[in-house]
Amino acid sequence: MLIVELAFTATSERLAARPAHRVLLQRLHEEGHLVAAGPWADDTGALLVFNTERGELDRLLETDPYYRTPGVEVLGVREWAPVVGRGLLIHDHA
């Protein structure tokens with residue numbers, strides 16, 4: 001699994017792009033690529049959990065213009081190996 005962390009600044013462009021972005025997120029979730037996504041409670045950024053390989057994630061990020069919208073910054077992408085979770089591919093990392 002891969003985790004994407006975003007940082008937000010308040011821009012009209014980001015807020016205008018958000019509805020279309022959320023439609024894409026819903027489709028990715030229905031297709032099984034996206035496990036969960038959502039903003040921090042203070043709306044300073046977001047966390048997205050993808051169930052895909054890095055090359056596929058890069059392609060998915062490239063197809064969504066939201067990630068290049070003023071006010072949206074991709075802070076990082078990290079591999080995540082969960083050990084507990086419903087419906088997750090569990091890794092044996094002690």
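Trainee: Which element gives the most to the lining of the largest cavity?

Mentor: Helix α1 does, with three residues. Keep in mind that this is a predicted model.

Trainee: Which residues line the largest cavity?

Mentor: The lining is made of Leu24, Arg27, Leu28, Leu60, Thr63 and Asp64.

Trainee: What makes the space a cavity rather than a pocket?

Mentor: A cavity is a set of points where a 1.4 Å probe fits but cannot get out, whereas a pocket is an open set. The search of the whole structure finds one cavity of 30 Å³ or more. About 30 Å³ of space lies in the largest cavity.

Trainee: How do the lining residues of the largest cavity divide by class?

Mentor: Three are nonpolar, one is polar and two are charged. Arg and Asp count as charged, so Arg27 and Asp64 fall in that class. Leu counts as nonpolar, which puts Leu24, Leu28 and Leu60 there.

Trainee: Arg27 also has a charged partner. Why is the contact of Arg27 with Glu31 called a salt bridge?

Mentor: The cut-off is 4 Å between a side-chain nitrogen of Lys or Arg and a carboxyl oxygen of Asp or Glu. The closest N and O atoms of Arg27 and Glu31 are 3.2 Å apart, so the pair qualifies.

Trainee: How many salt bridges does the structure hold?

Mentor: Five. Among them is Arg14 with Asp43, where the closest N and O atoms are 3.1 Å apart. This pair links distant parts of the chain. Arg14 sits in helix α1, residues 12–30, and Asp43 in the loop between β2 (34–39) and β3 (45–50). They are 29 residues apart.

Trainee: Why is Arg14 called buried?

Mentor: Buried means under 20% relative accessible area. Arg14 has 3% relative accessibility, so Arg14 counts as buried. Asp43 is at 27%, so Asp43 counts as partly exposed.

Trainee: What makes Arg18 and Asp43 a salt bridge?

Mentor: Their N to O distance is 3.9 Å. The limit is 4 Å, so the pair passes. Arg18 lies in helix α1, so the pair ties together parts that are 25 residues apart in sequence. Arg18 itself is partly exposed, with a relative accessible area of 24%.

Trainee: Which residues do salt bridges that share partners join into one network?

Mentor: Arg14, Arg18 and Asp43. Both Arg14 and Arg18 pair with Asp43.

Trainee: Now the core. Which members of the largest nonpolar core touch the most other members?

Mentor: Leu6, Leu48, Phe50 and Tyr67, out of 16 residues. β1 (2–8), α1, β3 and α2 (54–63) each supply at least two residues of this core. β1 gives the most, with four residues.

Trainee: Why is Thr52 called buried?

Mentor: Thr52 is at 13% relative accessibility, under the 20% limit, so Thr52 counts as buried. Thr52 is found in the loop between β3 and α2. Thr52 touches Leu2, His33 and Leu57, not counting residues up to four places away in sequence.

Trainee: What is the volume of the largest pocket?

Mentor: About 160 Å³. Of the 14 residues that line the pocket, His21, Arg22, Leu25, Gly38 and Pro39 are the closest to its centre. α1 gives the most to this lining, with five residues.

Trainee: How does the lining of the largest pocket divide by class?

Mentor: Eight residues are nonpolar, two are polar and four are charged.

Notes
Residues are numbered from 1 along each chain as its sequence is written. This is a predicted model: local features need pLDDT of at least 70, side-chain atom pairs count only at pLDDT 80 or more; totals for chains, interfaces and linings use all residues. Side-chain values use heavy atoms; hydrogens and water are left out. Buried means under 20% relative accessible area, exposed over 50%, partly exposed in between (1.4 Å probe, protein chains only). A nonpolar core is a set of buried Ala, Val, Leu, Ile, Met, Phe, Trp, Tyr and Cys residues joined through side-chain atoms within 4.5 Å. On a 1 Å grid over the protein atoms alone, a cavity is a set of points where a 1.4 Å probe fits but cannot get out, and a pocket is an open set with protein on both sides within 12 Å along at least five of seven lines; lining residues have an atom within 4 Å of a point. Grid points are joined across faces, edges and corners, and a volume is the space filled by probe spheres set on the points. Contact means heavy atoms within 4.5 Å.
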